[in-house]
Amino acid sequence: MKGRMNSEYGEIIINPDVIATYAGSVAVECFGIVGMAAVSMKDGLVKLLRKDSLKHGINVSLNENKISLDFHVIVSYGVSILAVADNLIGNVKYKVEQFTGMEVEHISILVEGVRVID
């Protein structure tokens with residue numbers, strides 16, 4: 001399902017991949033986030049995604065112009081996961097709402113791994 005909004009000039013349709021890519025770029029800027037993760041269903045391994053495939057670590061659901069996001073992330077070793085999650089939720093909610101003009105209703109964060117950063 002795509003996000004639809006009506007303006008005085010016509011209808012605006014936003015593809016969920018656009019929202020996922022933008023939300024992923026905002027997420028990797030947050031303190032404590034190493035990157036987005038992809039989990040292989042075949043063998044259960046977690047893989048750190050490159051910057052050009054961030055949308056694969058995010059699930060976007062649209063329901064009546066309200067956005068729900070599920071992030072699969074890898075966090076830095078030694079940081080508070082709660083602090084990282086609060087920072088991520090606050091930044092993503094604000095920036096995605098400003099970018100799309102739609103309300104972010106729900107954000108889930110699934111920590112798939114921890115990495116030591118040199």
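Is glutamate 103 buried or partly exposed, and what is its relative accessible area? Glutamate 103 is partly exposed, at a relative accessible area of 40%, where buried means under 20%, exposed over 50% and partly exposed in between (1.4 Å probe, protein chains only). The structure is a predicted model, in which local features need pLDDT of at least 70 and side-chain atom pairs count only at pLDDT 80 or more, while totals for chains, interfaces and linings use all residues. Residues are numbered from 1 along each chain as its sequence is written, and side-chain values use heavy atoms, with hydrogens and water left out.

**Confidence**

- The protein chain has a mean pLDDT of 85, and 84% of its residues reach 70 or more; pLDDT is the predictor's confidence in each residue, from 0 to 100.
- Among the elements, helix H2 (residues 81-100) has the highest mean pLDDT, 95, and strand S4 (residues 46-48) the lowest, 64.

**Architecture**

- The protein chain has two helices and seven strands, taken as DSSP runs numbered from the N terminus (helices: H or I, at least four residues; strands: E, at least two).
- Read from the N terminus, the order of elements is β-β-α-β-β-β-β-α-β.
- Strands S5 and S6 pair in the antiparallel sense over six bridges, pairing being assigned if DSSP finds at least two bridges between two strands.
- Isoleucine 58 has phenylalanine 71 in S6 as its bridge partner.
- The hairpin of S5 and S6 has two residues between the strands, and glutamate 64 takes a positive phi near 50° in this hairpin.

**Salt bridges**

- Three salt bridges are found in the whole structure, each defined as a side-chain nitrogen of Lys or Arg within 4 Å of a carboxyl oxygen of Asp or Glu.
- Glutamate 103 and lysine 66 form one of them, at 4.0 Å from N to O. This pair links distant parts of the chain, with glutamate 103 in strand S7 (residues 103-115) and lysine 66 in strand S6 (residues 66-76), 37 residues apart. Lysine 66 is partly exposed, with a relative accessible area of 32%.
- Lysine 95 forms a salt bridge with glutamate 29, the closest N and O atoms being 3.8 Å apart. Here too distant parts of the chain are linked: lysine 95 lies in helix H2 and glutamate 29 in the loop between helix H1 (16-28) and strand S3 (33-39), 66 residues apart. Lysine 95 counts as partly exposed at 32% relative accessibility, whereas glutamate 29 counts as exposed at 59%.
- Glutamate 97 and lysine 93 meet at 2.8 Å, N to O, in a salt bridge. These two residues are separated by about one helical turn because they are four residues apart in helix H2. Glutamate 97 is partly exposed at 24% relative accessibility, and lysine 93 is partly exposed at 32%.

**Core, contacts and surface**

- The largest nonpolar core has 26 residues, a core being a set of buried Ala, Val, Leu, Ile, Met, Phe, Trp, Tyr and Cys residues joined through side-chain atoms within 4.5 Å.
- The residues with the most contacts inside this core are Met36, Ile67, Leu69, Phe71, Leu88 and Val92.
- Two or more core residues come from each of H1, S3, S5 (58-63), S6, H2 and S7, and H1 gives the largest share, six residues.
- Buried residues make up 36% of the 118 residues in the protein chain.
- Of the contacts (heavy atoms within 4.5 Å) between residues at least 6 apart in sequence, 65% join residues at least 24 apart.
- The accessible surface of the protein chain comes to about 7300 Å², with 52% belonging to carbon and sulfur atoms; accessible areas come from the Shrake-Rupley method with a 1.4 Å probe, and for residues only the protein chains shown count as cover.
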